[in-house]
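Dear colleague,

I am passing on the structure we spoke about, and would be glad if you could look through it alongside the notes below.

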Amino acid sequence: MSVSSIAAADGIVSGKPRFRLDGDRREDLDERLLRLEVCRRENGLDTLEAEFVHWGERMGRQPGFLLEGDHAVRLGTTLVIEAGEDEAQATLFVGTVSRLAGVFSDGLPATMRISAENALMKLRMSRHTRSWSHSDDRRVMEAALSEHGSSATVDAPLAGGHEQYLQVNRTDLATFWERAEATDGRVEIDEEGRVQVVPRRQSDRAAVELEWFDDLISFEVTADLAHQRSEVQVHGYDRHHKRGVHGRAGSSVADAESPNRLTGPRVVEDLDLDAVEHVHVEAPVTDDRADDLARKLAMQRARRFVRGHATVVGTPGLRPGDDVDLQGLDAHFGGRYAVTSVRHVFDRTDGLRTHFACERPFLGDGGAA
């Protein structure tokens, strides 16, 4: 699917975003917007920073501060930002205003900066010490969310059970993120604040085609062996049977996700490097769980073999978990990538542009040794 063909679905635009506060349209914010940046990540925490003109002429009144009184933006306000028109409309951000900042500089008009976060903000502001016995990752994640009136749907494969799991003086958000990563899951939140954990490589959308010198403005990409391993071993202990527990996963894990491709673990193995990672922190109590953890950790490392950062024309519908197909590049780096994070940036010079990070576990045909 090319960028031009997804205009109706993903809203490729250069115009200003549109604002709603507590459901009310705020055209004054549209007009006074100087700069906006929305960040979306695989961990589900979306953030916003925006800056507005705060001084100027007011209808029928002397010049003064603009975003006060009936026009003020208040902490705790629900903020929705959209871009695009008609079928091309897409939601850039849904969240709660969490910070206000005034900027008053000598010789420059006053500005107002606002920051906002989505529904996961509540988990960041709560810290607990507690334990679970004979539990699994779904129960731990549900507990972290239920404290704040939310619920989770976990579609990602569970990492298995815990004989005991401890949350020690830690935020609920950190605990939730850790267990979501252990399931090899990506966190998604809809506009109503419902949380879903899905497999990281599950996407029901066609790849977005981006052509260099057209929709793809710039792309910098690196294939790096520094963090690649030929094998991952996970170790634990079964105290009931008083024996060590061990699991392992090698290059075949990456080969299964990228068949007939040159993956990072395969290159390390072919170079005959002694690159084995030993993991003890998860403390599995069964061999099956240790093997499952080893496979997930090995695959997560392998996916980071080839990583890139791109700038494209404004595409507000692009989000983590989507696939992009980068065309017009060389044999090493062209082709399909998974998007891991997205930044939508608006300013009065370039309009709306989209920046994204992406990764994949293989190097193209031109990279074979």
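Predicted model: local features only at pLDDT ≥ 70, side-chain atom pairs only at ≥ 80, totals over all residues.

Residues are numbered from 1 along each chain as its sequence is written, and side-chain values use heavy atoms, with hydrogens and water left out.

D137 belongs to helix α4, residues 137–146 (helices are DSSP runs of H or I of at least four residues, strands runs of E of at least two, both numbered from the N terminus). D137 counts as buried because its relative accessibility is 0% (buried means under 20% relative accessible area, with a 1.4 Å probe and protein chains only). Its side chain makes polar contacts with the side chain of H162 at 2.7 Å and with that of R179, also at 2.7 Å (a polar contact is a pair of N or O atoms within 3.5 Å, where, within protein, one must be able to donate a hydrogen and the other to accept it, and residues adjacent in sequence count only if both atoms are side-chain atoms). The N-terminal end of α4 is capped by D136, which has a side-chain oxygen 3.2 Å from the backbone nitrogen of R138.

Elsewhere, 3 strands form an open sheet of mixed pairing in the order β18-β17-β20 (two strands pair if DSSP finds at least two bridges between them). β18 (243–250) and β20 (276–279) stand at the edges with a single partner strand each, so one side of each is left without a neighbour in the sheet. Strand β17, residues 231–238, pairs with β20 in the parallel sense over 4 bridges, and Q233 stands opposite H278 in β20.

Note on methods. Buried < 20%, exposed > 50% of the residue type's maximum accessible area, 1.4 Å probe, protein only.
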